[in-house]
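Please describe the aromatic rings of this structure.

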Amino acid sequence: MRRFLILLATLSIVCAPSVAQAWFKFRNKTSATVWVSFLWYSPGCSDGGDWTKKGWWKLEPGQIKTVFGSDLQSVNTYYYYYAESSDGTKWSGPFNICVPQSAYQWCINTCCTPTCRTVGFREKYIGSYNNYTVNLVK
């Protein structure tokens, strides 16, 4: 009986389903350093908005960084980002958001004028994916 219980315990560990990994990543496929700012749905944020923005992740050429590590589908299917490189390349879009020059994590309506600037965030629809990587290329 003891052997059976040991075997059963071993099988339950070996055969247990693994915990799903969920993430949103950026890959720098350029030859320049890139900085990324990211925006995600976050209902009830303290400034009255329903989104949180965070930056700046520094990606050296070829580097990959995870900017969001939660279950993407349970949060939203739309995410937003802005990126710029040391050679002046920008990955931007039509959604104007106020961001500071230094590292931050704020609700969407928080700003720090006159030291902040407004940049255009790009929308990314992830569909049914729970893991997503944006490749930053020129």
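Phe121 is buried, with a relative accessible area of 0%; buried means under 20%, exposed over 50% and partly exposed in between, computed with a 1.4 Å probe on protein chains only. Tyr82 is also buried, at 2%. The model is predicted, so local features need pLDDT of at least 70 and side-chain atom pairs count only at pLDDT 80 or more, while totals for chains, interfaces and linings use all residues. Residues are numbered from 1 along each chain as its sequence is written, and side-chain values use heavy atoms, with hydrogens and water left out.

A search of the whole structure finds 20 aromatic pairs. Rings of Phe, Tyr and Trp (its six-membered ring) pair if their centres lie within 6.5 Å; planes under 30 degrees apart count as stacked, over 60 as edge-to-face and the rest as tilted. Two of the pairs are listed here.

| Pair | Centre to centre | Angle between planes | Class |
|---|---|---|---|
| Trp51 and Tyr80 | 5.5 Å | 80 degrees | edge-to-face |
| Tyr82 and Phe121 | 6.3 Å | 35 degrees | tilted |

Trp51 in strand E3 (residues 51-59) and Tyr80 in strand E5 (residues 78-85) are 29 residues apart, and their pair links distant parts of the chain. Strands (E, at least two residues) are DSSP runs, numbered from the N terminus. Both Trp51 and Tyr80 are buried. Because Tyr82 lies in strand E5 and Phe121 in strand E9 (residues 117-125), their pair ties together parts that are 39 residues apart in sequence.

One aromatic cluster is formed by Phe24, Phe26, Phe38, Trp40, Phe68, Tyr79, Tyr81, Tyr129 and Tyr132.

How values were computed
Helix = DSSP H or I, 4+ residues; strand = E, 2+ residues; numbered from the N terminus.
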